[in-house]
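Dear colleague,

Here is the structure I said I would pass on. My notes follow it.

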Amino acid sequence: MYVIVDERPMVTDGYVANFNREGVTSVGLVADDFEGWIQSAPETDLDAVQGFLLGNCEQRPDLPEMIQKRSRAPIIAMIETRCLTETLDLFRAGIDDVVRKPVHVREILARTEAVWRRSQRERASDSVVADRTARLRVYFDGRDPDVDGEKMPLPRRERQILEFLVRNRGRRMTKEQVFNAVYGAFTSDVDESVIEGHISKLRKKLRQKLNFDPIEVRRYLGYAFVN
């Protein structure tokens, strides 16, 4: 899930629509609503955030510190025109990257993944080797994973679940956290139990390809990518 902050509904609505076309869940908030949310949101919601996109708002210089107290997700600022002073001020405020509008959401996805890689030293390339035998390779840019060098086609939701679990490998993620990552923390028209069906199908496909199941399931506790 991506969170877009801008005082102009036309901007947030536009980026939400563009993310949706790429199959990525997002939500747009004005700065005042965002401040209230980032300070009070449960960890299950915050763990689902893949990146924060900060547009035009008076509070923008103060938002990175608020975000970093509660989330490790990348923070990208959008600027209207190239301005060295503004860019340097944003980096000093704690922004991870600065882009000039207009910017395609695919570039935003690539830039946030680059920040994730830099912040997690075990990721040294555009992909992540996700198991002990290096047979499974998971990408975070919309591509399907590879098994033994061959593409493993997955429905969008299953691919997103796999990416989320691999990104949080070794951590046990609850059904609510997985749901929020895939469908968004503000979604109310989809039942959370749908995650169980997605993960069941995903595990079956992984077992068929790998001859073992890299996703550990503990009733009432959640799911963990363990290899």
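Which helices each supply at least two residues of the lining of the largest pocket? They are α6, α7 (156-167) and α8 (175-183). Please keep in mind throughout that this is a predicted model.

Pockets

The largest pocket holds about 360 Å³ of space. Its lining is made up of 22 residues, and those closest to the centre are Val-24, Gln-50, Phe-140, Arg-159 and Glu-163. By class, the lining of the largest pocket has nine nonpolar, six polar and seven charged residues.

The second largest pocket has a volume of about 230 Å³. Strands β10 (215-218) and β11 (222-225) each give at least two residues to the lining of this second pocket. Among the residues that line the second largest pocket are Thr-174, Lys-175, Glu-196, Arg-218 and Tyr-220. Four nonpolar, two polar and four charged residues make up the lining of the second largest pocket.

Salt bridges

There are 19 salt bridges in the structure. Three of them are described here.

Glu-22 and Arg-106 form a salt bridge through their side chains, at 3.1 Å from N to O. This pair connects distant parts of the chain, 84 residues apart: Glu-22 sits in the loop between α1 (9-21) and β2 (26-29), and Arg-106 in helix α6 (residues 105-119). Glu-22 is partly exposed, because its relative accessibility is 25%. Arg-106 has a relative accessibility of 55% and therefore counts as exposed.

Arg-60 and Glu-86 also meet in a salt bridge, at 2.9 Å from N to O. Arg-60 is buried, with a relative accessible area of 8%, whereas Glu-86 is partly exposed at 27%.

Salt bridges with shared partners join Asp-6, Arg-8, Glu-80 and Lys-101 into one network. Asp-6, at 0% relative accessibility, counts as buried.

Aromatic pairs

The count of aromatic pairs is four. In one of them, Tyr-2 and Phe-19 are stacked, with 4.9 Å from centre to centre and 20 degrees between the planes. Tyr-2 belongs to strand β1 (residues 2-5) and Phe-19 to helix α1, so the pair ties together parts that are 17 residues apart in sequence. Both are buried: Tyr-2 has a relative accessible area of 3%, and Phe-19 has one of 0%.

Phe-179 and Tyr-183 form a stacked pair as well, 5.1 Å from centre to centre with 25 degrees between the planes. Why does this pair count as stacked? Planes under 30 degrees apart count as stacked, and the planes of Phe-179 and Tyr-183 are 25 degrees apart. Both residues lie in helix α8, four residues apart, which is about one turn of the helix. Phe-179 is buried at 4% relative accessibility, and Tyr-183 is buried with a relative accessible area of 12%.

Finally, Phe-34, Trp-37 and Phe-52 form one aromatic cluster.

Regards

Methods:
Residues numbered from 1 in each chain as written. Predicted model: local features only at pLDDT ≥ 70, side-chain atom pairs only at ≥ 80, totals over all residues. Heavy atoms only, no water. Salt bridge = Lys/Arg side-chain N within 4 Å of Asp/Glu carboxyl O. Buried < 20%, exposed > 50% of the residue type's maximum accessible area, 1.4 Å probe, protein only. 1 Å grid on protein atoms, 1.4 Å probe; cavity = no way out; pocket = protein on both sides within 12 Å on 5 of 7 lines; lining within 4 Å. Points joined across faces, edges and corners; volume = space filled by probe spheres on them. Nonpolar A, V, L, I, M, F, W, Y, C, P; charged D, E, K, R; others polar. Phe/Tyr/Trp six-rings, centres within 6.5 Å; stacked < 30°, edge-to-face > 60°.
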